[in-house]
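Here are a few friendly notes to read alongside the model.

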Amino acid sequence: MKKVLAFALIAVSLLAGCGEKKAEAPKVAFQSTDLTGASFARDFALTDHNGKPRTMADFKGKAVIMFFGYTQCPDVCPTTMAEMSEVMKQLGPQADQVQVLFVTIDPERDTQKLLSEYVPAFDKRFLGLYGTPEQTAAVGKEFKVMYNKVPGTTPGSYSMDHTAASYVFDKQGKIRLLLRPGQPTSFTVHDLKLLLS
């Protein structure tokens, strides 16, 4: 009787172990910072450089890379945009399933016309997004993006300190990754291929 009871307890514990393993979601091996399940960066309401109102829902079915910057940025913004252009080249045909969005944090100077010239220069598929100062502030808060005007020698020559990371969203519009400034493009390509598969 003791042997039967012991066997039954072992069998139950083994079955319980199997059940727990099945309940665990498979861990995806991203090379960028995994933000899956984060409760911020859910949506935005801005206008693209063609004058069309945009929200995250417009890009459902595509992976989205979102970068916050400004056109007069001397270093990290053009570098990041050039890196995104290289990522698109490395993705080949899969690049058509990716949308890169450049969100200006300087709506005072970054007009629709300026964005329409600056952003597609890196890749014709890229879109620039802008809003009123109030809309920009609301999106910055939702996406936990910090930005601050730094006075220059003249009123129009100011610069902007800002968060330089990019966010990646899956095809359902859910935030998944944080891309660090200067991380290898191979990491981004690897992770996008995982999200697109």
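Helices here are DSSP runs of H or I with at least four residues, numbered from the N terminus. Please keep in mind that this is a predicted model.

1. The annotated site. In an unreviewed UniProt entry, the annotation "binding site" covers C73, C77 and H162. These residues span 90 residues in sequence, yet no two of their C-alpha atoms are more than 10.1 Å apart, so they gather at one spot.

2. C77. This cysteine sits in helix 2, which runs over residues 76–91. C77 has 0% relative accessibility and therefore counts as buried, the cut-off being under 20%. Beyond residues up to four places away in sequence, C77 touches F67, G69, Y70, F102, Y118 and H162.

3. H162. The histidine belongs to strand 8 (residues 159–162). H162 also counts as buried, because its relative accessibility is 16%. Leaving aside neighbours within four places in sequence, the contacts of H162 include both annotated cysteines, C73 and C77, as well as F67, G69 and Y70. Its side chain also reaches the backbone oxygen of F68, at 3.2 Å.

4. Two positive phi values. Most residues other than glycine have a negative phi, which makes the next two worth a look. A41, not a glycine, has a positive phi of about 55°; A41 is in the loop between strand 1 (33–34) and strand 2 (46–48). K144 has a positive phi near 55° and lies in the loop between helix 4 (133–142) and strand 7 (147–150).

5. Their surroundings. Are A41 and K144 buried or exposed? A41 is buried, with a relative accessible area of 2%, whereas K144 is exposed, at 52%.

Definitions and conventions. Residues numbered from 1 in each chain as written. Predicted model: local features only at pLDDT ≥ 70, side-chain atom pairs only at ≥ 80, totals over all residues. Heavy atoms only, no water. UniProt positions renumbered as here; feature names shortened; annotations may be inferred. Buried < 20%, exposed > 50% of the residue type's maximum accessible area, 1.4 Å probe, protein only. Contact = heavy atoms within 4.5 Å. Polar contact = N/O pair within 3.5 Å; in protein donor to acceptor, adjacent residues only side chain to side chain.
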